[in-house]
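My entries follow in the order I made them.

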Amino acid sequence: MGHTQNELIHAYPSKLGLDSTFIHQKVDSIMLLGIKEQAFPGAQLLVAKNDTVVFHQAYGFHTYDSLQPVALNDLYDLASVTKVLGPLPALMKLVDEGKLDLDKPFSTYWKPWRNRKDKKDLTLREILSHQAGLIPYIVFLQKVIKNGKLKSRFVRTTPHKRFEKQVYDNLYINRRFEHKMHRIINRSKVSNEKKYVYSGLSFLIFPTLIEQLTQTDYQTYLDNNFYKPLDCHTLGYLPSLKQWVNPIVPTENDTLFRKTVVNGWVHDENASLMGGVSGNAGLFGTADDLAKMMLFYQNFGAANGRQLISKETFREFTTVQYPKNENRRGLGFDKPLLNNSELPLEEAYPSPSASPTSFGHSGFTGTLVWADPENKLVFIFLSNRVYPSRDHRNLYDLNIRTALMDVFYRAQRIPDQN
């Protein structure tokens with residue numbers, strides 16, 4: 001595949017009819033409030049209008065000791081944003097190729113579910129829209145820790161032939177542990193009540209499913225089909241094992257498992273126990289890389305004049321699937337609240353001005369990606385709100401991400417003074 005340049009184009013907001021002064025004043029004040037209220041030690045925001053980046057600024061520092069300022073090329077732990085930038089494009093491509101059917105039982109493809117009475121008829125459509133009744137989360141860390149100590153049959157401090165998957169500096173997981181996780185998921189309970197309950201469980205098995213269906217290593221498949229064609233230079237798993245020069249923003253001071261500030265390795269414990277490569281979390285990336293992916297999504301699966309995912313499939317995945325069940329979700333993608341445009345800013349998610357066709361996903365570490373094809377806006381927010389601990393919830397309480405997004409919708413309506 002020949003290399004095509006897919007570097008981002010930048011322009012002043014005013015060149016695209018947005019009020020620059022308004023944007024800078026508002027974004028600065030929201031970001032500085034966030035830092036002052038310890039919603040995050042630092043953050044950055046990238047916004048594109050049409051296919052052009054009109055805003056990309058960094059605020060604050062990696063940590064509250066103010067030693068390392070946030071830089072525009074910093075790598076962030078994307079947490080659940082992984083779901084829509086890792087397994088999801090692969091699943092869309094497989095649906096396109098007829099290798100997956102959204103409405104056939106998922107057990108057609110994932111054999112262990114064939115003999116599970118409560119799972120054998122669940123469809124990929126139900127699973128991806130969080131409508132299948134799967135339990136939200138399983139804390140697999142409980143299986144490897146006993147009385148505060150790591151069980152040596154699962155985790156070792158030096159690599160060994162059965163312990164070659166690295167979890168952290170000087171932590172290695174037994175390669176059988178992933179099978180154990182899959183088995184626990186396969187046996188997990190399913191609720192009879194089919195309603196919207198967000199569950200990350202299936203995303204832990206999607207990488208293996210993708211490998212089975214493509215006969216290709218999961219990371220290689222993503223690189224070859226999406227990240228390389230889109231020139232996402234630093235989007236990927238396990239940044240500490242790669243030669244990337246970008247600084248990596250730390251996440252949480254983990255007192256339970258890794259006993260240190262987590263940096264350069266995935267924060268999410270379940271993804272960590274899979275050796276850092278999972279469908280629920282584990283991707284790291286820069287704002288530029290995420291912008292390239294989200295612009296590709298905003299353009300319904302087209303990039304550099306090539307349709308990498310068909311428009312029909314893409315529209316299907318970004319459409320609300322079960323609105324009658326008060327479920328706002330698309331397939332894998334998050335969507336605005338169903339009555340979002342009627343809500344005041346503080347109750348809305350995301351901005352009340354975001355179109356109903358818009359979509360994206362947020363992440364536990366304090367990340368958000370969103371694309372609005374109608375208004376041609378792409379919004380990337382990156383922070384490490386879990387530093388130094390996940391008790392820091394002011395990012396949510398102050399509704400910072402929604403407020404920032406709203407600035408750019410309002411800036412479109414104000415005639416530019418310049």
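**Aromatic pairs**

The model I am reading is a predicted one. With that rule, I find 19 aromatic pairs in the structure.

I looked up Tyr168 and Trp265, a tilted pair with 6.1 Å from centre to centre and 50° between the planes. Tyr168 is in strand 8 (residues 165-168), while Trp265 is in the loop between strand 12 (260-261) and helix 9 (269-273). The two are 97 residues apart, and I note the pair as a link between distant parts of the chain. Tyr168 has 5% relative accessibility and counts as buried. Trp265 is also buried, at 4%.

I then turned to Tyr297 and Phe359, another tilted pair, at 6.5 Å centre to centre and 55° between the planes. Tyr297 belongs to helix 10 (residues 287-298) and Phe359 to strand 16, so this pair ties together parts 62 residues apart in sequence. I read 0% relative accessibility for Tyr297, which is buried, and 0% for Phe359, buried as well.

Which residues do ring pairs link into a cluster? I wrote down Phe226, Phe296, Tyr297, Phe300, Phe314, Phe333 and Phe359.

**Salt bridges**

I count 16 salt bridges in the structure. Side chains of opposite charge can pair when their charged atoms come close.

I checked Glu316 and Arg125, whose closest N and O atoms are 2.6 Å apart in a salt bridge. Glu316 sits in helix 11 (residues 311-317) and Arg125 in helix 4 (residues 124-128), so the bridge ties together parts that are 191 residues apart in sequence.

Glu37 is partly exposed at 33% relative accessibility, and Lys36 is exposed at 61%.

Asp121 and Lys120 form a salt bridge too, with 3.8 Å between the closest N and O atoms. Here Asp121 is exposed at 53%, and Lys120 is partly exposed at 33%.

My last item under this heading is a network of salt bridges that links Lys93, Glu97 and Lys99.

I traced an open sheet of three strands, in the order 4-13-10, with antiparallel pairing. Strand 4 (76-77) and strand 10 (236-237) are at the edges; each has a single partner strand, so one side of each is left without a neighbour in the sheet. Between strand 10 and strand 13 (residues 283-285) I find two bridges in the antiparallel sense. Tyr237 stands opposite Leu283 of strand 13.

**The largest pocket**

I read a volume of about 760 Å³ for the largest pocket. Its lining takes in 34 residues, and those nearest the centre are Tyr198, Ser362, Gly363, Phe364 and Tyr396. Which elements give two or more residues to this lining? I noted strand 16 (359-363), helix 12 (394-397) and helix 13 (400-413). By type, the lining residues divide into 14 nonpolar, nine polar and 11 charged.

Key:
Residues numbered from 1 in each chain as written. Predicted model: local features only at pLDDT ≥ 70, side-chain atom pairs only at ≥ 80, totals over all residues. Heavy atoms only, no water. 1 Å grid on protein atoms, 1.4 Å probe; cavity = no way out; pocket = protein on both sides within 12 Å on 5 of 7 lines; lining within 4 Å. Points joined across faces, edges and corners; volume = space filled by probe spheres on them. Helix = DSSP H or I, 4+ residues; strand = E, 2+ residues; numbered from the N terminus. Nonpolar A, V, L, I, M, F, W, Y, C, P; charged D, E, K, R; others polar. Salt bridge = Lys/Arg side-chain N within 4 Å of Asp/Glu carboxyl O. Buried < 20%, exposed > 50% of the residue type's maximum accessible area, 1.4 Å probe, protein only. Pairing = 2+ DSSP bridges. Phe/Tyr/Trp six-rings, centres within 6.5 Å; stacked < 30°, edge-to-face > 60°.
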